Amino acid sequence: MVKPRTRTRQLVSAGIGLVAAALVVTTTVTANSGPASGSTGKGSLKLVAASDTVEVEAWGGEAFVQPSVWLAAYDAAFEFRATQSSYDKPVKLTKTVIRGKKRTTTTAPAAIVDSMKGFKNGLRVTLKNKAGKVILDEKRPLCPGGYDRQRVQTDGATGPVYPEFCGGNWFTKGILYGIERGMAVPTVSDLGFETKGETELIMTMSIDKPVADFLGLPKSNRTAKQNLVIVDQCPDGNCEGEGEEGVGAMAADGAHDDQGARTVVPRETLEGGENGRGRLPLGGARGEIKPGKPKRDTLPDLISLPAWQISTEVDEGGTDRLNFAANEWNAGPAPMVVEGFRRGTAPVMDAYQMFYRDGEQVGVKKTGTMEFHEAPEHNHWHFLDFAKYELVDAKDKVVSTSGKQSWCLAPTDPVDLTVPGATLRPGQTGLESACGAKSALWLRESMPTGWGDTYDQSQTQAFDLRKVKNGTYRIKVTVNPDGNLYERTRSNNVSHRTVIIGGKAGARTVKVPPYQGVDTETWWNEE
């Protein structure tokens with residue numbers, strides 16, 4: 001597990017570095033008319049090799065293949081929805097083939113579903129040398145989505161619509177991913193192997209038969225072959241440290257195929273896609289504050305998830321602490337948007353909640369303040385009173401509180417991208433754009449529909465255990481504790497997670513029972 005900063009920012013799965021503006025679930029992928037390249041006229045998926053021969057760099061006996069085989073969608077869009085009714089229930093995966101206005105949906109057999117991550121063992125990769133000896137033969141999850149999309153038809157989609165990943169975290173309820181009509185996604189984001197002195201190999205990628213049958217791939221579309229020419233970048237053997245750096249740098253451009261990490265880090269994005277639905281416009285909105293509650297269809301629904309990744313440690317000052325991660329998310333249907341406007345030259349901003357309908361701002365309400373936080377690892381603006389973290393006993397009496405009192409809000413985790421109005425590709429995100437520099441006059445913090453924001457509580461922000469006796473307690477997470485933010489309901493604002501604290505001073509321990517059958521204290525979906 002990557003060691004988080006005060007602000008948890010980890011990778012989820014396939015594809016960081018979004019390349020399109022936010023589009024919502026209700027976006028329709030249209031089938032354009034006109035000439036096409038490689039079209040079938042029926043709508044099908046196909047493995048496509050970018051070239052017959054690929055040059056592969058090797059460092060100290062380790063080689064890395066850049067993505068060069070693509071899964072392409074011709075004459076139709078292919079949309080996938082992974083959902084679960086509760087955390088202890090299996091994930092249901094459906095495929096929808098979209099041809100113009102016609103949508104055909106089928107449900108995947110449970111045996112080929114890899115939770116939220118796509119298809120279990122859906123892709124087989126084989127490497128053979130010229131003599132036919134197998135150098136590598138492995139199966140990998142297949143995510144029919146991902147980063148770095150390519151157009152394969154002149155009349156295909158003009159830009160990405162679907163997210164650039166499959167997967168989520170322990171508390172993800174629904175994921176939507178897919179391949180737009182006339183576009184293609186890489187089959188793998190990173191493929192490394194030991195060269196074993198080989199200079200030429202034959203690589204075969206194939207879709208596993210049960211998965212290919214479900215996807216509707218004709219037999220001729222299920223396999224792609226390439227010749228690999230391995231180029232040793234350090235023939236004299238003087239490559240100490242370069243192999244790890246070189247391969248690691250290339251792998252960082254994609255994501256790991258095991259897709260086991262837990263959060264998404266969207267970056268600042270460019271506009272693209274079929275249209276701009278879901279984007280948050282910067283101007284032309286109503287600036288007048290009107291009396292009364294905003295319309296219900298313009299309100300978000302803020303929900304707290306149970307705490308997770310819980311541990312004990314002795315902090316730098318010698319204090320026993322209970323660390324935890326917490327996530328609050330927006331179930332919509334409208335985005336939660338808070339904007340700050342500088343109050344003169346003071347390090348304070350007046351905060352306003354903005355209300356949207358169909359991507360257009362239709363209202364505004366004063367909702368609090370933002371302050372500049374100069375502490376190490378922060379140095380940006382925080383919105384006050386977004387959430388409250390408490391350690392409580394069986395009678396809900398507070399025995400310790402978190403030092404976390406302010407937030408820089410940004411979408412880090414997809415929680416349910418199948419809810420109405422969910423944003424598939426967040427636009428203005430990331431700490432730089434959402435939290436602002438010290439000289440900022442204005443900033444916007446947002447929680448798009450379907451997304452949550454994870455914070456990791458450690459050091460002084462974790463619970464102080466010095467006065468907490470051994471026993472059973474609950475971590476209580478409350479979003480919008482003072483009701484300053486307008487939302488559809490506050491009935492789901494509080495969550496609890498049971499913890500059992502033991503040990504002695506300087507060596508406190510914690511046991512965390514599973515939540516609805518989910519053990520969050522191991523790798524997500526670890527088998």
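Residues are numbered from 1 along each chain as its sequence is written, and side-chain values use heavy atoms, with hydrogens and water left out. Because the model is predicted, local features need pLDDT of at least 70 and side-chain atom pairs count only at pLDDT 80 or more, while totals for chains, interfaces and linings use all residues.

**Overall composition**

The chain contains three helices and 32 strands; helices (H or I, at least four residues) and strands (E, at least two) are DSSP runs, numbered from the N terminus. Of the 527 residues in the chain, 55% are buried, where buried means under 20% relative accessible area, exposed over 50% and partly exposed in between (1.4 Å probe, protein chains only). Contacts are heavy atoms within 4.5 Å. Among contacts between residues at least 6 apart in sequence, 74% join residues at least 24 apart.

**Nonpolar cores**

A nonpolar core is a set of buried Ala, Val, Leu, Ile, Met, Phe, Trp, Tyr and Cys residues joined through side-chain atoms within 4.5 Å. The largest has 58 residues, and Phe-119, Phe-193, Met-203, Leu-215 and Leu-228 have the most contacts inside it. Apart from this core lies another, of 38 residues, with Phe-324, Cys-435, Phe-463 and Tyr-473 among them. Leaving out residues up to four places away in sequence, Leu-228 touches Val-54, Val-56, Val-65, Leu-127, Phe-193, Thr-199, Glu-200, Leu-201 and Met-203.

A cavity is a set of points, on a 1 Å grid over the protein atoms alone, where a 1.4 Å probe fits but cannot get out; lining residues have an atom within 4 Å of a point. Grid points are joined across faces, edges and corners, and a volume is the space filled by probe spheres set on the points. Two cavities of 30 Å³ or more are counted.

**Strand pairing**

Two strands pair if DSSP finds at least two bridges between them. Within strand 12, Ala-184 is the bridge partner of Gln-150. In strand 5, five of the seven residues are buried. Ala-77 has Ile-98 in strand 6 as its bridge partner, and Glu-79 stands opposite Gly-178 in strand 11.

| Antiparallel pair | Bridges |
|---|---|
| Strand 10 and strand 12 (residues 183-186) | two bridges |
| Strand 5 and strand 6 (residues 92-99) | seven bridges |
| Strand 5 and strand 11 (residues 174-179) | six bridges |

**Backbone exceptions**

Most residues other than glycine have a negative phi, and most peptide bonds are trans. Asp-75 has a positive phi, near 65°, and lies in the loop between strand 4 (69-74) and strand 5 (77-83). Asp-75 counts as buried at 12% relative accessibility. Gln-516, also with a positive phi, of about 50°, is in the segment after strand 32 (507-511) and is partly exposed, at 38% relative accessible area. A cis peptide bond, with omega about 15°, joins Gly-332 and Pro-333; Pro-333 is placed in the loop between strand 18 (320-330) and strand 19 (336-342).

Key. 1 Å grid on protein atoms, 1.4 Å probe; cavity = no way out; pocket = protein on both sides within 12 Å on 5 of 7 lines; lining within 4 Å.
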